[in-house]
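Welcome to this short tour.

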Amino acid sequence: MNILVTGAKGFVGRNLVENLKNIRDGKNRTRPNIKIDEIYEYDLDSTAEELDRWCAEADFVFNLAGVNRPKDPSEFAGNYGFAGELLENLKKHGNKCPVMLSSSIQATLAGRFGKSEYGLSKKAGEDMFFDYAAETGAKVLVYRFPNLAGKWVRPNYNSAVGTFCNNIANDLPITVNDPSVELELLFIDDLVDEMFDAIEGKEHHCEFDGVDAVADEKGRYCYAPVTHKVTLGYIVECLNKFHDQPNTLIMPAIPDGSFEKKLYSMYLSYLPKEKVAFDLKMNIDDRGSFTELLKTVDHGQFSVNISKPGITKGQHWHNSKWEFFIVVSGHGLIQERKIGSDEVIEFEVSGDKIQAVHMLPGYTHNIINLSETENLVTLMWANEIFDPNKPDTFFEPV
């Protein structure tokens with residue numbers, strides 16, 4: 001299969017092209033039904049001759065080319081001007097391959113979009129594609145996208161979320177006039193998945209109720225079914241938490257498929273080089289060091305403990321807190337004794353055979369570096385974040 005992508009250097013185009021390459025090159029095997037031979041990347045620096053040849057050879061066309069922020073409103077004509085050139089080339093070669101059009105919910109001309117120059121230009125492009133389908137019998141997929149988000153969105157252009165991510169990541173000011181304004185966001189990975197569905201002939205169809213897509217198998221339009229409706233205020237609240245994470249060490253809840261998880265990934269893509277790495281506070285004494293690595297809102301915290309040769313650490317117990325000790329380097333001994341008992345259970349541990357050892361509630365425990373020359377390095381997980389006002393930690397030798 002040969003795939004033509006117009007607007008290949010834009011936000012959506014770049015993400016789509018790179019993911020098509022992953023399929024073509026065998027790096028992504030989740031779509032075994034998609035076999036790609038050539039990817040034709042059309043953009044402003046491409047020639048008319050290239051477009052003509054690619055229209056002759058394409059088996060699927062993604063038309064992502066468009067005008068978003070022109071200097072003059074008349075330039076919006078580019079949203080249907082180029083589309084006409086593309087369709088004429090396909091007709092010239094008798095190529096009836098499926099053609100996808102990237103449109104916008106502004107083309108609904110609903111509510112505040114009723115007089116939008118951009119929306120009117122997008123609507124004109126849609127009508128052109130539907131006319132082309134009626135004339136040629138080719139399959140046309142018209143997608144009306146809401147606000148798009150994800151890595152590589154250009155800040156200070158046509159994405160408030162991209163601007164917020166960039167500015168907060170770089171400690172620049174942002175302006176939110178009304179935090180209660182709600183946006184419908186379509187993240188790029190979900191959009192790319194829908195584009196793969198389209199290649200496989202499994203696109204999602206809909207009709208529109210105002211600006212809302214309503215699933216309809218026989219619908220005239222297409223849509224990506226996974227979107228997120230959130231307020232500007234909540235977006236900024238999340239981004240500020242992400243910004244503060246190197247200081248608080250707290251990782252917010254990011255369930256699989258959640259808005260928060262996708263936004264965090266987007267935010268990280270805007271970090272400047274000097275923020276990609278950050279120092280952690282090492283608590284150092286003559287026994288070694290202890291460093292908190294990561295705290296979570298509902299799954300405890302991670303730390304790393306380094307014990308010098310011959311050193312014993314721990315010698316305490318907890319009522320309800322429990323931990324995992326995982327030795328990743330060195331040779332040590334973990335001892336645990338049930339409070340009120342003389343019975344000691346022992347575990348010899350080594351970085352050569354990595355194991356996780358439970359520190360049981362109600363058992364005093366320690367960890368001993370058995371080596372005379374090497375440090376003992378232990379990754380530790382506790383089921384709760386340490387609270388100095390309620391430490392649930394009581395000294396008692398094993």
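This is a predicted model: local features need pLDDT of at least 70, side-chain atom pairs count only at pLDDT 80 or more; totals for chains, interfaces and linings use all residues.

Now colour by secondary structure. The protein chain has 9 helices and 23 strands. Turn the view to take in the overall dimensions: along its principal axes, the C-alpha trace spans about 90 × 45 × 40 Å. The radius of gyration of the protein chain is 29 Å, while a compact globule of 398 residues would have one near 21 Å. If you colour by burial, buried residues make up 45% of the 398 residues.

Next, select residues 232-248, which form helix H7, and residues 259-268, which form helix H8. How far apart are their axes, and at what angle do the two helices pack? The axes lie 10 Å apart, and the angle is about 60°. H7 and H8 are therefore oblique to each other. Look at the handedness too: H7 passes H8 in a right-handed crossing.

Show the side chains where these helices meet. From H7, pick Tyr 234, Ile 235, Cys 238, Leu 239, Phe 242, His 243 and Gln 245; they meet Phe 259, Glu 260, Leu 263, Tyr 264 and Tyr 267 in H8. By class, this contact has 9 nonpolar, 2 polar and 1 charged residues.

Because 7 of the 10 residues of H8 are buried, H8 is largely enclosed by the rest of the structure.

Note on methods. Residues are numbered from 1 along each chain as its sequence is written. Side-chain values use heavy atoms; hydrogens and water are left out. Axes are lines fitted to C-alpha atoms, for helices over the stretch in contact, and angles run from 0 to 180 degrees between N-to-C directions. Helices (H or I, at least four residues) and strands (E, at least two) are DSSP runs, numbered from the N terminus. Angles under 35 degrees count as roughly parallel, over 145 as roughly antiparallel, 65 to 115 as roughly perpendicular and the rest as oblique. A crossing is left-handed if the near helix is turned anticlockwise from the far one by less than a right angle, and right-handed if clockwise. Contact means heavy atoms within 4.5 Å. Ala, Val, Leu, Ile, Met, Phe, Trp, Tyr, Cys and Pro count as nonpolar, Asp, Glu, Lys and Arg as charged, and the others, Gly among them, as polar. Buried means under 20% relative accessible area, exposed over 50%, partly exposed in between (1.4 Å probe, protein chains only). The radius of gyration is taken over C-alpha atoms; the globule rule is 2.2 Å times the number of residues to the power 0.38.
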